[in-house]
Amino acid sequence: MSELKTEVLIIGGGVLGTAVARELSRYKVDATLIEKEVDFGWGSTKANMCIVCQGADHLEFRKEYHRSRLVWESMPLMEPMCQELEVPFNRVGELALFFNNSGKEKYEKMMARAESRGITTHQLLDRDSLRRLEPNIAREATGALYDPSIAITDPVRLTIALAGNARQNGVNVITGTEVQDIKAGAGGFEVKTSQGNISCEFVVNAAGMAVDKVAALVNADDFIVFPIRGYVAILDKKVSDLVSHEVHARPEAPGESNIITPTVYGNLFIGTPMKLARRGDDATNREMAVVALRNARRLIPDISEKDIINSFAGFLMFRNWELGWHECVVNTSSTVPRFVNVSIGFPGVSAAPATAREVVKLLSREGLELRENPGFNPYRKAITDFTNLTDEEKRKLIASDSRYGHVVCRCETVTEGEIVEAIKQGAATLDGVKFRTRAGMGRCQSGFCSSRVTGILARELGIPEEEITKKGGESRQLLYKSKELIGGRE
Amino acid sequence: MKLQDVDVAVIGGGPAGIAAAIKARETGAQNVVILERAEKMGGLLYQCIHNGFGLFYFNEDLTGPEYAHRFVEKAMDTGVKGLPETMVTGISPERQITAASKGEGYLTFRPASIVLAMGCREKSRGALGIPGTRPAGIFTAGTAQRFVNVEGFIPGKRIVILGSGDIGMIMARRLTLEGAEVAAVVEILPYIGGLIRNEVQCLHDFDIPLLLEHTITRIHGEQRIEAVTVARVDDGKRPIASTERRIECDTLLLSAGLIPENELSLMAGVKLDTVTGGPTVDETRQTSISGIFAGGNVVHVHDLVDNVSWESELAGESAARFAMGGKGAQGKIQLKAGRNIRYIVPQTISGQNKVTLYMRVNDLEEGVRLKIGNIMSKGLRVVKPSEMLKVELTPEQLEKLKEGTSEITVDCERRERK
C-alpha cells in the first residue's frame, strides 16, 4: 500500500475497532481498518479478564453515564454475536461476596439500582446458599450478590472473528500499519502511515492505548484519559474445580480489586491490582503478583502460587480515575467534524456491540450515507476445536486428514490440522497461532511445541524458520543458524 | 497386533518407556505397545548429544543418542510395538486409553496393564514468576537444546541462564562452543542445582561466570529480550535491591526445575505425592490404581538416565506380571521422610523383598549418617539436594523388621565428630 483512498478509516484493530468495522460492513460503505501490530486484539483487548458483564455490578454504574448505557445496550447483543462468529461464550454467573452487614447493605443498594433499570436477575445469597454454589469459598464470606447473567468469552478470538467477518463482508483490513500523522482538510483527512498515505472522509479513532495521541495529531483530543495498568495471573487447568463462577469482592484499598474467574478454556484468572502507570510499561512486577495472590486467597483460600502458569499486565484508558469512577469517550470530536473517538476503558469487550452501533450512528449523523449491504453475511466459521469433538468426530476427522491426528501442543491438545487452519486464516507468528488455537498457551508455555509450530509456520508461509517471529517486528525467535557464530558452514 | 489384545501399554517412548516395554516383553507379556507423541522413540535423549550416559548401566561413556539407540534396537529385537506421533489424550481409572495418532487414527482400547512413562517438563518463565516484559528470546534450556542440537539454530549470541540445572549447564557449554557468549549462570541457592561434574566440565572449564545466591528480578526488552536485572538474595531468598545490576543479553535460558508430567495420571485417578509431584508407588512401581504402574521421571526427577532405566524396568516387569494374572506386592509399610529427607521412592514397601530406595535430601550437609529405621545405617561424607541417594535393602536387613511394622522413618542425621 503506498496510496489508498477510502470513505471511512478505522484506526485500531482491537475489539472496538473491529466491532465498528463489522457493523459498518452491514452497509455499502467503503471502509478500511488499520492495525499497527501484525495481528488483531494485541493491545488492551488481549490484557483482559475475559468477562462479559452487564454493568450493574459496580456502584459507579448509573443511567446518566454514557458508558453504563452502552454496556446495558450490549447485554442482549453479545451472545448472538458470539454465536454468529463461533466464539466461545459461557454464562457462568457472578458472585459478589460480602463479609459483613455493611457490605451486604451496599450490595442491596446496587441491587435496587439495577432493578430500577429493569435488571432483575440478581439474588442475595446467604452463607449456606453461597457455599452450595461454591464450596471452596472463604468461610469469612457471609453471603453474596448473585447474578446468573454474567458470562465469559475469549476477547482476542472475538476480535479476530470480528475482523475476519468484516473482511468477508468487504472491509479492507490491514495489519502492520501505524498512523504517524493526520491532516484535516475541507474534503476529508490525509493520514500518513508507516505503509503509505491514506485519504479518507471519516475517521474512527479506536486506537486503544494511543486513542488520545492519535486524536492529538489532528487536534481532536477534546478529552483526557489516564493509563491504568492491571495485572492478571493464569492458573493451571488442573485447579479449575476450585471455582465455577466469576467471584469478586469490593476492594479493601483503592486499586486492589480482587477477582477470580473461570475462563472459557478451563484455566482460572486471578487479578487484578490496578494502578496508574507509565503508558506502555506493561512489565509485571513482584508487587502486583503478591497483591493479586493475597487478594485472591481472601476469596478462595486454596489458591496456590505454584498453580500459576503465567501472568501478564495490560492497560485500560480511564477517564477520571481519581474520582473512583469513569466515563467513556464515544463521540464525534467537538473540534474536528467527521472524526469519531472511541474509548471505553472498562469494560471495553462488554460494551463493544452497542458501541459499534453507536459509532455507525455518529458517522451517519456526520453525513456518511448508509445503504444496506444485501450481501452481508453475519456468520463466520471458527477453526476446528479438536479437543471438544466427540470420539466419533475425532475418528472421522483423522481418517480424512491425518494432520488432525498429529498433536503438536500437548498441554492444550492442539493438532497440526488446527495450526494449518489458523495460518490459512492469517496467523503469521507464534502468538498469532497461539491466540487462534491455544498452541503454547498451556502449562508448559510452549516449551515443547514452539519448535514444532515454528517449523509448521515456516513450511506453510514458505519462509525460513529463522524469520518466524513471536509477535512481529524484531521478535524473531532464532537469531542465528548453527555454526554461523563461529564462521563455519553447516 | 490388534490393540484390543494389548497386554501392556506404555505411555511415553523415552528412556523410561522403552526400558519398561523391553522388560515387559522379557518377563513374558505377549503384546507390548509404546505410545509416543513425538516423531520417533528415544525421547529427549536424542537432543542430548553430550556424553556421560550409561556410565553405570553399560559401564561405558555414551552420548544420549547412543544410549537411546541401544534401547530402541533392543525394543525392536524383543518385539515391542512402537506407535510414534501418537498422543494419549485420556486414561480412565478402568485403564481405558484414548489416543490421537497421525498414522493409526483415533484409538480407544483397554490394555491389561499400563506403565506411565511420560517423563517431566521444565518450569516455564510463567511458572517461575519472573517479572518484567514479555519479549521473544526466552526459552527453557531443553527447548534451546532442541533448537541447537536437532533443528540447527542458535537462539542468540549473548546468553544468560537462570538456574544451574544440568541441562542449563550443558547448554552453557554447548552455546559457548557454538560461538555464543554466556554472560552468567544465575543460581538462587548457595550451590548448583545439577551434578558437580557438569559444574566443572561445563562452567569452570569454559570460564563461565556462576552467580550463586542471585536471581533475576526483571526482564527488559519489548520485542526481543535486551537485558535482565540480577540481584543477590538474602537468607530468605529475597532479592536485595541495592545489589541489583543489569546484564545485557539477547537470550535467556531457564533451567530452574523439572516437573513430573502427570496430567494423564490425574485423569486416571492416580494419587500423587505432593513432594515428588509423581505418583505414589509401591516397590513394584504400582500406583494407587491397580494395574497402572509408573517409572522414570514421571515418578520423581532423576539425575541419571541409568537409574531411570532400572526403575522403569521394574515397572515394566511388574506390569507384565499383572497382565499375566500375577499378584502384586503384599503388605504395606510406609516409608516416612525424617530429618533432612525430602522424599523416598517407593513410598511403600512390602518388607518381604529386596528393594532399592531412591531419596533426596532437603539441604546440603557434610558428615551425616543415613538411618533407615533400625535396619540399616550408613555414613556419608556429604549429601546434596541435587544428588539422589540410592540405598539397597537386602532380605537379611529386612528380616530385622518387627512383625506388624507399618512405618519406617528415614533420617539423615548429623554425625558426631570424634
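The questions and answers that follow concern a predicted model.

Me: In what order do the 5 strands of the open sheet in chain B lie, and which are the edge strands?

Reply: The pairing in this open sheet of chain B is parallel, and its strands follow the order 5-2-1-9-21.

Me: Which residue is the bridge partner of B:Leu35 in strand 5 of chain B?

Reply: Strand 2 (residues 32-35) of chain B pairs with strand 5 of chain B in the parallel sense, over 3 bridges. B:Leu35 belongs to strand 2 of chain B. The partner in strand 5 of chain B is B:Leu83.

Me: At about what angle does helix 8 of chain B run to strand 9 of chain B?

Reply: Two helices may be considered here. Helix 1 (residues 15-27) of chain B packs on the sheet, where it touches strand 1 (8-11), strand 2 and strand 9 (113-116) of chain B, and its direction makes about 170° with that of strand 2 of chain B. Helix 8 (residues 305-323) of chain B lies across strand 1, strand 9 and strand 21 of chain B. Its angle to strand 9 of chain B is about 165°.

Me: Which element gives the largest share of the side of chain B that touches chain A?

Reply: The contact takes 47 residues from chain A and 46 residues from chain B. On the side of chain B, these comprise 14 nonpolar, 17 polar and 15 charged residues. Elements giving two or more residues include strand 6 (86-91), strand 7 (97-101) and helix 4 (141-151) of chain B. The largest share, 6 residues, comes from helix 4 of chain B.

Me: Which residue of strand 12 of chain B does A:Tyr480 stand opposite?

Reply: Strand 22 (residues 480-481) of chain A and strand 12 of chain B run antiparallel and are joined by 2 bridges. A:Tyr480 lies in strand 22 of chain A. The residue opposite A:Tyr480 is B:Ile154.

Me: Why are the buried residues of helix 6 of chain B on the same side of the helix, and what arc do they cover?

Reply: The buried residues of helix 6 (residues 196-203) of chain B are B:Asn198, B:Glu199, B:Cys202 and B:Leu203. What covers them includes helix 5 (166-177), strand 14 (181-187) and strand 15 (210-212) of chain B, whereas B:Arg197 and B:Val200 are exposed on the other side of helix 6.

Me: How many residues of strand 7 of chain A are buried?

Reply: A:Gly143, A:Leu145 and A:Asp147 point one way from strand 7 of chain A, while A:Ala144 and A:Tyr146 point the other way, and all are buried. Strand 7 (residues 143-147) of chain A is therefore largely enclosed by the rest of the structure, and the number buried is 5 of the 5 residues.

Me: Which residue of strand 7 of chain A is the bridge partner of A:Asp126?

Reply: Strand 7 of chain A pairs in the antiparallel sense with strand 5 (residues 94-98) of chain A over 5 bridges, and there A:Ala96 has A:Leu145 as its bridge partner. Strand 6 (residues 123-126) of chain A also runs antiparallel to strand 7 of chain A, joined by 4 bridges. The partner of A:Asp126 is A:Gly143.

Notes:
Residues numbered from 1 in each chain as written. Chains lettered and ligands numbered in written order. Predicted model: local features only at pLDDT ≥ 70, side-chain atom pairs only at ≥ 80, totals over all residues. Pairing = 2+ DSSP bridges. Contact = placed C-beta atoms within 7 Å. Axes fitted to C-alpha atoms, helices over the stretch in contact; angles between N-to-C directions. Nonpolar A, V, L, I, M, F, W, Y, C, P; charged D, E, K, R; others polar. Buried ≥ 20, exposed ≤ 12 C-beta atoms within 10 Å, placed from the backbone.
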